[in-house]
Amino acid sequence: MNLLIINIAGLAVIALIIYWFWIYKPKDVQAKDQDTITIMVEDGVYQPSRISVPADTEISLEFKRKDETPCAEMVIFPELYISESLPINKAKIIKLKKLEKGNYQFHCQMQMYKGELHVE
Ligand SMILES: [Cu+2]
């Protein structure tokens, strides 16, 4: 009987891990034209990391880096040819031009921090 409970508890933990790493996706933050979206750079994640942007609008991203490790230093948007360094504890605003529909990744130089723009 006790063994059964332990097995069920074990399965529940495995299910939770699978959910967290493979299924869970944070919700998109919805941006509209001329918005500035603030993104915190802290503890290995961009917060928010997923941003929906309507096509043909201009938004700005304001990065606030709290993480002092070199890992967080750069933010790179490979498809947009943007690569910027982020000062610590100081806002860095990146103005984006109008984008066509599609998904655009952004990440740190090691790709540990990851985010995505969804232009729709
Ligand atoms: Cu990194």
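## Before you start

This is a predicted model, so local features need pLDDT of at least 70 and side-chain atom pairs count only at pLDDT 80 or more, while totals for chains, interfaces and linings use all residues. Residues are numbered from 1 along each chain as its sequence is written, and side-chain values use heavy atoms, with hydrogens and water left out.

## The copper site

Let's begin with the metal. Which atoms coordinate the copper ion? They are C71 (O), C71 (SG) and C108 (SG), at 2.0 to 2.6 Å. Donors here are N, O and S atoms within 2.8 Å of the metal (3.2 Å for Na, K and Ca); water is not among the atoms, so sites may look incomplete.

The pair links distant parts of the chain, 37 residues apart. C71 sits in the loop between strand 5 (60-65) and strand 6 (74-77), and C108 in the loop between strand 9 (102-107) and strand 10. Strands are DSSP runs of E, at least two residues, and helices are runs of H or I, at least four residues, numbered from the N terminus.

C71 counts as buried because its relative accessible area is 18%, and C108 does too, at 0%. Buried means under 20% relative accessible area, exposed over 50%, and partly exposed in between (1.4 Å probe, protein chains only).

H118 belongs to strand 10 (residues 114-119) and is buried, at 9% relative accessibility. Its side chain makes a polar contact of 2.5 Å with that of E116. A polar contact is a pair of N or O atoms within 3.5 Å; within protein, one must be able to donate a hydrogen and the other to accept it, and residues adjacent in sequence count only if both atoms are side-chain atoms.

Over in strand 4 (residues 50-53) is I51, which is buried at 0% relative accessibility. Leaving out residues up to four places away in sequence, I51 touches H118, with L61, E116 and L117 also among its contacts (heavy atoms within 4.5 Å). H118, counted likewise, touches D28, R50, I51, S52, V53, G102 and N103.

## The largest pocket

How big is the largest pocket? Its volume is about 690 Å³. Of its 20 lining residues, Y24, P26, V45, S49 and K114 are the closest to its centre. A pocket is an open set of points on a 1 Å grid over the protein atoms alone, where a 1.4 Å probe fits, with protein on both sides within 12 Å along at least five of seven lines; lining residues have an atom within 4 Å of a point. Grid points are joined across faces, edges and corners, and the volume is the space filled by probe spheres set on the points.
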